[in-house]
Amino acid sequence: MQETRYLKDNIENIQRLLTIPALRNFETSNLSRLLRLSKIREYEAGEKIIQEGDNDPWLYFLLDGRIRIEKKGIEIGVFTERGEIFGEMRVIDSRSRSATVIALTEVVCLAVNTSATDRMEGQDGRDEQLDFLLLLYRIFAEFLSIRLRLTSEELIKAQKILETLK
């Protein structure tokens, strides 16, 4: 893995963040705050991005490439869309990583250090920070809702197959 230093909250980097669909609703001040918590990470094909069972604080936005998510060695998904978020469950529930994420191709991610709260504090005060966190959690909720719907569809398909096999 190669990574940059923490990103600077300049207009060029903010404009880049606005190309990520999930971040388009962020205000400039919130994007600045996100940049101060973020690095760009690049992975080679076959490299692990997240290891099941680990306790790291990183949240990821896929910028380029393809990743595979697996649990106990079984593939549970492949992400290819720019802006897809992963690693959010650890941030939400503070438990260890529930799955392994592997780069299928060369992968570029925006990695957000959710434990670097000292880097998040700004001059805007606590209300601005709470607004930022609420927006981040709304993004989590939207992605989790989409994934839950897909999982429900997969469960229905699996139940139909089981009924057919009976």
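Analyst: Two helices each supply at least two residues of the nonpolar patch: helix 3 (88-93) and helix 5 (126-165). Keep in mind that this is a predicted model. Helix 5 gives the most, with three residues. The patch is made by M89, I92, L133, Y137 and L144. Its area is about 390 Å².

Take Y137 as an example. Y137 is found in helix 5. Its relative accessibility is 37%, so Y137 counts as partly exposed. The cut-off matters here: patch residues must have over 30% relative accessible area and no salt bridge.

The protein chain has five helices and nine strands. Along the sequence, the pattern reads β-α-α-β-β-β-β-β-β-α-β-β-α-α. The accessible surface of the protein chain comes to about 10,200 Å². Carbon and sulfur atoms account for 50% of that surface. Of the 166 residues, 39% count as buried.

Five strands form an open sheet in the order 1-2-9-4-7, with antiparallel pairing. Its edge strands are strand 1 (2-3) and strand 7 (85-86), and each of them pairs on one side only. Strand 1 pairs with strand 2 (residues 38-43) in the antiparallel sense, over two bridges. Within this pairing, Q2 has E42 of strand 2 as its bridge partner.

Strands 1 and 2 are also joined through side chains. A salt bridge connects K39 and E3, at 3.2 Å from N to O. K39 lies in strand 2 and E3 in strand 1, so this pair ties together parts that are 36 residues apart in sequence. The two partners can be compared by cover. K39 is buried, because its relative accessible area is 13% and buried means under 20%. E3 has a relative accessible area of 37%, so E3 is partly exposed. The pair also belongs to a network of salt bridges that links E3, K39 and R41.

Side chains of opposite charge can pair when their charged atoms come close.

The structure holds seven salt bridges. One of them joins R97 and D56, at 2.6 Å from N to O. This pair links distant parts of the chain, 41 residues apart. R97 sits in the loop between helix 3 and strand 8 (100-103). D56 sits in the loop between strand 3 (48-50) and strand 4 (58-64). R97 is buried, with a relative accessible area of 5%.

Another salt bridge forms between E70 and R68. The closest N and O atoms there are 3.0 Å apart. E70 has 14% relative accessibility and therefore counts as buried. R68 is partly exposed, with a relative accessible area of 21%.

Last, contacts along the chain. Among contacts with a separation of 6 or more, 77% come from residues 24 or more positions apart.

Conventions:
Residues numbered from 1 in each chain as written. Predicted model: local features only at pLDDT ≥ 70, side-chain atom pairs only at ≥ 80, totals over all residues. Heavy atoms only, no water. Patch = residues over 30% accessible without salt bridge, like charges linked within 9 Å, V, L, I, M, F, W, Y side chains within 5 Å. Areas by Shrake-Rupley, 256 points an atom, 1.4 Å probe, with all protein chains shown as cover. Salt bridge = Lys/Arg side-chain N within 4 Å of Asp/Glu carboxyl O. Helix = DSSP H or I, 4+ residues; strand = E, 2+ residues; numbered from the N terminus. Buried < 20%, exposed > 50% of the residue type's maximum accessible area, 1.4 Å probe, protein only. Pairing = 2+ DSSP bridges. Contact = heavy atoms within 4.5 Å.
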